[in-house]
Amino acid sequence: MTSIKRYPWMNHFLGSPTGYVVHLQRGTVKHQGVGQAFWYRPVNSVLSEVPVDDQELPTLFHASTLDFQDVSVQANVTYRFIDPVSVSSRLDFGLKPAGSAPAAGKEQVATIIGQLCQSHAIDLIATTTLAEALSHGVTRLRIVLTESLRADTRLKSTGIEILGVQVLAVQPESDVERALQTPVREQLQAEADRAVYERRALAVERERTISENEMASQIELATRREQLVGQEGANARRTATERAAAELINAQATAERQGISAIAEASQIRLVGEAAAARESATMEVYRGMDQATLLTLALKEAAGSLPNIGNLTITPDLLSGALAGLFRETPANAGE
């Protein structure tokens with residue numbers, strides 16, 4: 001940063017690394033260069049400091065298209081001073097005392113470059129329609145402004161070199177811009193709606209596919225359940241059939257066993273009956289030849305076995321005489337035999 005120290009009758013100047021100072025004393029160059037340091041007398045000296053670093057100049061102006069539409073052009077120009085001595089002699093870059101108006105060199109450069117940019121841009125945009133200016137205006141303006149500014153004789157003679165021109169935007173008026181944006185906006189909205197509809201259709205299709213898969217799975221499960229129920233019924237019927245057959249076999253075997261037992265029992269009863277009948281028949285044959293007294297005696301003997309105990313027995317003379325008579329009749333008969 002440039003600094004000036006003031007003393008009585010003398011001042012000391014200390015320059016900056018980006019400022020080219022030109023010291024004129026009574027119209028003669030005494031000091032010039034970057035980063036200078038010297039003493040000078042303010043009563044007969046004039047100091048000018050020209051920046052030697054790159055300078056940026058933003059500019060904004062309006063132009064009219066071929067179809068009478070107003071557009072605004074926003075550009076940025078990069079330049080530098082390649083001949084500081086010529087610049088200091090043609091533009092105001094003097095170092096003023098404290099409290100005085102600052103040097104107007106940069107404002108002069110901005111006015112010159114801005115007017116040149118506006119002039120060339122208006123000439124170009126006047127030959128193009130609004131649609132062309134909006135679609136290709138940035139590129140064309142950048143080329144035209146760069147070439148025209150670099151070839152301008154005034155800038156060259158002043159010692160100004162144009163490093164580059166950037167056209168940032170070419171914009172119509174706000175209402176025209178909205179009108180131009182409406183079709184594109186509607187088209188974008190239509191595309192967005194179509195995308196939404198496609199997503200919905202795809203979602204519906206996927207849901208339908210999922211539902212069909214679920215239904216197919218349910219049908220498959222129902223079919224397999226039906227097969228399982230049928231197989232279980234067949235198994236139950238087979239089990240019942242086998243159980244009935246087994247029970248029938250068991251019943252037949254039981255019946256056969258009972259029949260055999262009944263036949264055997266009947267045979268045994270028949271044999272026992274036949275034996276008893278034979279015994280009874282033999283007994284009857286034996287009893288048939290006996291007389292009445294003997295039979296009575298045997299009957300009494302047989303009955304005595306089943307009668308209760310008799311403490312006292314009374315025998316009448318009639319009973320005893322009859323029994324003895326029968327006994328005596330039987331004894332001689334047996335003796336004769």
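This is a predicted model: local features need pLDDT of at least 70, side-chain atom pairs count only at pLDDT 80 or more; totals for chains, interfaces and linings use all residues.
How many bridges join S3 to S6, and which way do the two strands run? Let's start there. The answer is 7 bridges, with S3 and S6 running antiparallel.

S3 belongs to an open sheet of 3 strands, ordered S4-S3-S6, with antiparallel pairing. S4 and S6, the latter covering 45-51, are the edge strands, each pairing on one side only. From one strand to the next, the twist averages 15°.

On the S4 side, S3 (residues 19-25) and S4 (residues 28-34) are antiparallel as well, joined by 6 bridges. If you want a landmark, His-23 stands opposite His-31 in S4. These two strands make a hairpin with 2 residues between them, and Arg-26 in that turn has a positive phi of about 55°.

There's another open sheet of 3 strands, again with antiparallel pairing, and its order is S1-S2-S5. Here the edges are S1 and S5, which is 37-40, and each pairs on one side only. The twist in this one averages 15° from one strand to the next. S2 and S5 pair over 4 bridges, antiparallel, and Phe-13 has Phe-38 as its bridge partner in S5.

While we're around S1 and S2, look at the loop between them, 3-7 on one side and 10-14 on the other: that's where Trp-9 lies. Its phi is near 65°, positive in a residue that isn't glycine. Buried or exposed, then, for Trp-9? Exposed, with a relative accessible area of 72%. Phe-68 sits in the loop between S7 and S8, has a positive phi of about 60° without being a glycine, and counts as exposed at 73% relative accessibility.

Okay, zooming out for a second. The chain has 7 helices and 9 strands. Of its 337 residues, 22% are buried. And if you take contacts between residues at least 6 apart in sequence, 62% of them join residues at least 24 apart.

Which residues does Leu-149 touch, leaving out anything up to four places away in sequence? The list is Val-77, Ile-113, Leu-116, Cys-117, Leu-155, Ile-162 and Val-165.

H2 has 21 residues and reaches 30 Å from first C-alpha to last, close to the 30 Å expected at 1.5 Å a residue. Its buried residues are Gly-105, Val-109, Ile-112, Ile-113, Gly-114, Leu-116, Cys-117, Ala-121, Leu-124 and Ile-125. If you're wondering about spacing, an α-helix has 3.6 residues a turn, so residues three or four places apart point the same way. What do those buried H2 residues pack against? Strands S7 (55-64), S8 (70-81) and S9 (160-172), plus helices H3 (130-150) and H4 (153-158).

Last stop, Thr-59, which is in strand S7. Is Thr-59 buried or exposed? Thr-59 is at 14% relative accessibility, so it counts as buried, the cut-off being under 20%. Setting aside neighbours within four places in sequence, Thr-59 is in contact with Val-73, Gln-74, Ala-75 and Gly-114.

Methods:
Residues are numbered from 1 along each chain as its sequence is written. Side-chain values use heavy atoms; hydrogens and water are left out. The expected span of a helix is 1.5 Å times one less than its number of residues. Buried means under 20% relative accessible area, exposed over 50%, partly exposed in between (1.4 Å probe, protein chains only). Contact means heavy atoms within 4.5 Å. Two strands pair if DSSP finds at least two bridges between them. Axes are lines fitted to C-alpha atoms, for helices over the stretch in contact, and angles run from 0 to 180 degrees between N-to-C directions.
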